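Here are some friendly notes to read alongside the model. Please keep the 3D view open and find each residue as we come to it.

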Amino acid sequence: MLDPLSKQEIVQAFEERLQLLKSEKVSEVVKPFDDEVIYKLHDLYDGDIRSIMSGLRDILGQYSYLLGKTLSVDEAMILVGRERWERIESTANLTPEQTAILKHLAMANDLVTQNDLVSLLNKTKESMSGYYFKVLKENGIIEE
């Protein structure tokens with residue numbers, strides 16, 4: 001088992017790739033996103049290179065090359081969040097109540113437990129666990 005690449009090693013690999021793919025007629029490449037984006041994805045995915053590259057692909061899939069500027073961390077995270085939300089909506093078939101629970105989880109500033117939601121939303125532990133959290137876990141949206 002190999003240790004994950006460091007944040008700086010991933011940035012270096014990405015910059016090398018940009019240079020390799022650069023057209024001979026182009027004198028300078030505009031990086032599509034700031035290095036801080038890679039750092040943020042590295043933290044988010046615990047250094048898992050496949051997840052980081054998937055996140056970068058998803059960001060670039062929504063990025064217009066016509067902008068010609070480097071995306072900030074906030075701009076990139078909005079794009080990756082939007083892509084993830086659209087994927088959830090199109091594949092998970094959540095009910096409006098399940099979607100509301102997920103939105104609550106996504107908007108929370110701190111970790112949220114099932115017990116927190118039971119109290120807050122006046123639901124039973126069984127329904128929170130079986131009806132709400134189970135489908136979110138099965139779809140890979142949340143994890144314990």
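1. Let us begin with a term used throughout: two residues are in contact when heavy atoms lie within 4.5 Å. This is a predicted model, where local features need pLDDT of at least 70 and side-chain atom pairs count only at pLDDT 80 or more, while totals for chains, interfaces and linings use all residues. Residues are numbered from 1 along each chain as its sequence is written, and side-chain values use heavy atoms, with hydrogens and water left out.

2. Start with the overall fold. The chain has seven helices and zero strands, giving the pattern α-α-α-α-α-α-α along the sequence. Its radius of gyration is 19 Å, well over the 15 Å that the globule rule gives for 144 residues, so the chain is more spread out than a compact globule. The radius is taken over C-alpha atoms, and the rule is 2.2 Å times the number of residues to the power 0.38. Helices (H or I, at least four residues) and strands (E, at least two) are DSSP runs, numbered from the N terminus. Along its principal axes, the C-alpha trace spans about 65 × 35 × 25 Å.

3. Next, look at burial. A residue is buried under 20% relative accessible area, exposed over 50%, and partly exposed in between (1.4 Å probe, protein chains only). Buried residues make up 28% of the 144 residues in the chain. Among contacts with a separation of 6 or more, 55% join residues 24 or more positions apart.

4. Which residues touch the most other members of the largest nonpolar core? They are Phe33, Val37, Ile38, Leu41, Leu56, Ile59 and Met77, out of 18 residues in that core. Helices α1 (7-21), α2, α3 (49-62) and α4 (73-91) each give two or more residues to this core. A second, separate core of 14 residues includes Ile88, Ala92, Leu102 and Val118. Here a nonpolar core means a set of buried Ala, Val, Leu, Ile, Met, Phe, Trp, Tyr and Cys residues joined through side-chain atoms within 4.5 Å.

5. Zoom in on leucine 56. Leaving aside neighbours within four places in sequence, leucine 56 is in contact with Phe33, Val37, Ile38 and Leu41.

6. Leucine 79 lies in helix α4 and counts as buried because its relative accessibility is 10%. Not counting residues up to four places away in sequence, leucine 79 touches Ile59, Gln62 and Leu71. Leucine 79 and aspartate 58 are 21 residues apart in sequence, and their C-alpha atoms are 7.7 Å apart in space.

7. Compare that with serine 27, in the loop between α1 and α2. Serine 27 and aspartate 48 are also 21 residues apart in sequence, yet 32 Å apart in space, C-alpha to C-alpha. With 73% relative accessibility, serine 27 counts as exposed.

8. Is histidine 42 buried or exposed? Its relative accessibility is 13%, so histidine 42 counts as buried. This residue sits in helix α2 (residues 35-44). Beyond neighbours within four places in sequence, histidine 42 is in contact with Leu5, Ser6, Lys7, Ile10, Gly47 and Ile52.

9. Finally, check two backbone angles. Most residues other than glycine have a negative phi. Aspartate 46 has a positive phi of about 50° although it is not a glycine; aspartate 46 is in the loop between α2 and α3. Asparagine 122 has a positive phi of about 55° and is found in the loop between α6 (114-121) and α7 (125-138).
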